[in-house]
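Reader: I have the sequence and the model open side by side. Can we go through it piece by piece?

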Amino acid sequence: MGIEFAILLEIYEWHRPWLDACMKALTSLGNGGWFWIVLGLLLLCFAKTRKAGFGILLSLFLGLLLGNLLLKNLVARERPCWLMPELPLLIAVPQDYSFPSGHTLASVEAALMLYLHHRRWGVLAGLLALGIAFSRLYLFVHFPTDVLAGALLALFNVWLVHRKLQPALAAFAEKRRSRT
């Protein structure tokens, strides 16, 4: 963890009031995945974006199960802010474990799924996801490997949903429609 603390402490030196406000706002978009859940639900409302919305919500659900409920508790990694409590935080101290970053996981899942269905929107969502992921380092609540693991798990989840689960569910729905 030596190199990871060195990276975090270097980033911590960048703190400025205007940047603090930006990072707090960015990270709040990832709290509980609310922004991405709302986006997924909105996309479900329109035929043109329904597949993307469904994919986002399915990916987020998979990320919740694998990342937040399974891996966080299995790995039980302490957060940097728990290990160095003398550094003041700009946000409330998170109570769950650090690995993987749930903010990064949800943000990258949504951005990638959106990119697969609507490239331009996906690029914009990707930039937002990068900002949210960086905010977790800036705010001293995740190690770099937590953020990296969140992004890698997101890649896996999106691949699984896009290539395996969505087609299987579509085939199942088509079978049900043909029976009626």
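Reader: How far does helix 2 reach from its first C-alpha to its last?

Author: Keep in mind that this is a predicted model. Helix 2 covers residues 17-30, which is 14 residues. At 1.5 Å a residue, 20 Å is expected. The computed reach is close to that, at 21 Å.

Reader: Which residues of helix 2 are buried?

Author: Buried means under 20% relative accessible area. An α-helix has 3.6 residues a turn, so residues three or four places apart point the same way. In helix 2 the buried residues are Leu-19, Asp-20, Met-23, Leu-26, Thr-27, Leu-29 and Gly-30.

Reader: What covers the buried residues of helix 2?

Author: Contact here means heavy atoms within 4.5 Å. The cover includes three other helices, with residues 34-44, 102-117 and 119-138. They are helix 3, helix 6 and helix 7.

Reader: Which residue with a positive phi follows helix 2?

Author: Helix 2 runs over residues 17-30. The residue in question comes after helix 2 and has a phi near 65°. It is Gly-32.

Reader: How many disulfides are there?

Author: A disulfide needs two cysteine sulfur atoms within 2.5 Å. Cys-45 counts as exposed, at 53% relative accessibility. Cys-81 is buried, at 6%. By the distance rule, the number of disulfides is zero.

Reader: Which helix gives the most to the lining of the largest pocket?

Author: The largest pocket holds about 340 Å³ of space. Its lining has 21 residues, and those closest to the centre are Gly-32, Gly-33, Asn-68, Gly-102 and Ala-106. Helix 4 (50-75) and helix 6 each supply at least two lining residues. With seven residues, the top contributor is helix 4.

Reader: How many residues in the lining of the largest pocket are charged?

Author: Asp, Glu, Lys and Arg count as charged. The lining of the largest pocket has eight nonpolar and eight polar residues. Its charged residues number five.

Reader: Which helix supplies the largest share of the lining of the second largest pocket?

Author: This pocket has a volume of about 240 Å³. Of its 10 lining residues, Lys-51, Phe-54, Gln-166, Pro-167 and Ala-170 are closest to the centre. Helix 4 and helix 8 (144-179) each supply at least two. The largest share, five residues, comes from helix 8.

Reader: How many residues in the lining of the second largest pocket are nonpolar?

Author: Three residues of this lining are polar and two are charged. The nonpolar ones number five.

Conventions:
Residues are numbered from 1 along each chain as its sequence is written. This is a predicted model: local features need pLDDT of at least 70, side-chain atom pairs count only at pLDDT 80 or more; totals for chains, interfaces and linings use all residues. Side-chain values use heavy atoms; hydrogens and water are left out. Helices (H or I, at least four residues) and strands (E, at least two) are DSSP runs, numbered from the N terminus. The expected span of a helix is 1.5 Å times one less than its number of residues. Buried means under 20% relative accessible area, exposed over 50%, partly exposed in between (1.4 Å probe, protein chains only). On a 1 Å grid over the protein atoms alone, a cavity is a set of points where a 1.4 Å probe fits but cannot get out, and a pocket is an open set with protein on both sides within 12 Å along at least five of seven lines; lining residues have an atom within 4 Å of a point. Grid points are joined across faces, edges and corners, and a volume is the space filled by probe spheres set on the points.
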